[in-house]
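Take a look at the chain shown below. We will walk through it step by step, from the overall fold to single contacts.

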Amino acid sequence: MLKAFVFLATVYTSHGPVVYVLDNSLTGEDCIARMQVGITPADVQAVRDERVKPDGMGDVPAVAPDLFGAVVSCEFDESDD
């Protein structure tokens with residue numbers, strides 16, 4: 001089965017949106033299931049421990065934003081990994 005989706009959490013801060021890729025190489029079904037679960041305590045801890053860093057470029061706050069207010073989404077991964 002093709003695994004080409006990523007699970008994202010976007011937090012809107014005074015610095016602008018901060019996007020985290022919390023899971024990757026997912027099937028469409030797995031990504032939808034991940035969205036239904038939402039943000040987990042393990043996701044929050046991974047961001048706090050800096051095991052998951054913001055994706056992309058831009059002004060990122062010095063302190064990691066609270067993920068429990070994040071908007072979650074699934075996107076097709078078009079990268080050439």
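Which pattern does the protein chain follow, read along the sequence? The pattern is β-β-α-α-β. Keep in mind that this is a predicted model. In total, the secondary structure comes to two helices and three strands. The chain has 81 residues, and buried residues make up 33% of them. Now consider contacts between residues at least 6 apart in sequence. Of these, 65% join residues at least 24 apart.

Strand E1 covers residues 5–13, and strand E2 covers 16–26. A hairpin of two residues joins E1 to E2. The two strands run antiparallel, and eight bridges join them. Take Ala9 as an example: its bridge partner in E2 is Tyr20. What do side chains do along such a strand? In a regular strand they alternate between the two faces of the sheet.

Next, go inside. In soluble globular proteins, nonpolar side chains tend to be buried together. Here, the largest nonpolar core has 15 residues. Which residues have the most contacts inside this core? They are Tyr20, Leu22, Ile39 and Leu67. E1, E2 and helix H2 (41–48) each supply at least two residues of the core. E2 gives the most, with four residues.

Leaving out residues up to four places away in sequence, Leu67 touches Ala9, Val11, Tyr20, Leu22, Ile39, Asp43, Val44 and Val47.

Asp43 is found in helix H2. Is Asp43 buried or exposed? Its relative accessibility is 7%, so Asp43 counts as buried. The side chain of Asp43 has polar partners. A polar contact of 2.7 Å joins it to the side chain of Arg34. A polar atom of the Asp43 side chain also lies 3.0 Å from the backbone nitrogen of Thr40. Again leaving out residues up to four places away in sequence, Asp43 touches Leu22, Arg34, Gly38 and Leu67.

Now for a covalent link. A disulfide is a covalent bond between the sulfur atoms of two cysteines. This structure has one disulfide. Cys31 and Cys74 form the disulfide, with their sulfur atoms 2.1 Å apart. The pair links distant parts of the chain: Cys31 sits in helix H1 (residues 28–37) and Cys74 in strand E3 (residues 71–76), 43 residues apart. Why is the disulfide left-handed? The torsion about the S-S bond of Cys31 and Cys74 is about -110°, so the disulfide is left-handed. The two ends have their own surroundings. Cys31 has 0% relative accessibility, so Cys31 counts as buried. Cys74 counts as partly exposed because its relative accessibility is 25%.

Strand E3 takes part in another link, between Phe5 and Phe76. A pair of aromatic rings is described by the distance of the centres and the angle of the planes. A search of the whole structure finds one aromatic pair. The ring centres of Phe5 and Phe76 are 5.6 Å apart and the planes stand at 80°, so the pair is edge-to-face. Phe5 lies in strand E1 and Phe76 in strand E3, 71 residues apart. Phe5 is partly exposed, at 27% relative accessible area. Phe76 also counts as partly exposed, at 48% relative accessibility.

How values were computed:
Residues numbered from 1 in each chain as written. Predicted model: local features only at pLDDT ≥ 70, side-chain atom pairs only at ≥ 80, totals over all residues. Heavy atoms only, no water. Disulfide = S-S within 2.5 Å. Buried < 20%, exposed > 50% of the residue type's maximum accessible area, 1.4 Å probe, protein only. Phe/Tyr/Trp six-rings, centres within 6.5 Å; stacked < 30°, edge-to-face > 60°. Core = buried A, V, L, I, M, F, W, Y, C linked by side-chain atoms within 4.5 Å. Contact = heavy atoms within 4.5 Å. Pairing = 2+ DSSP bridges. Polar contact = N/O pair within 3.5 Å; in protein donor to acceptor, adjacent residues only side chain to side chain.
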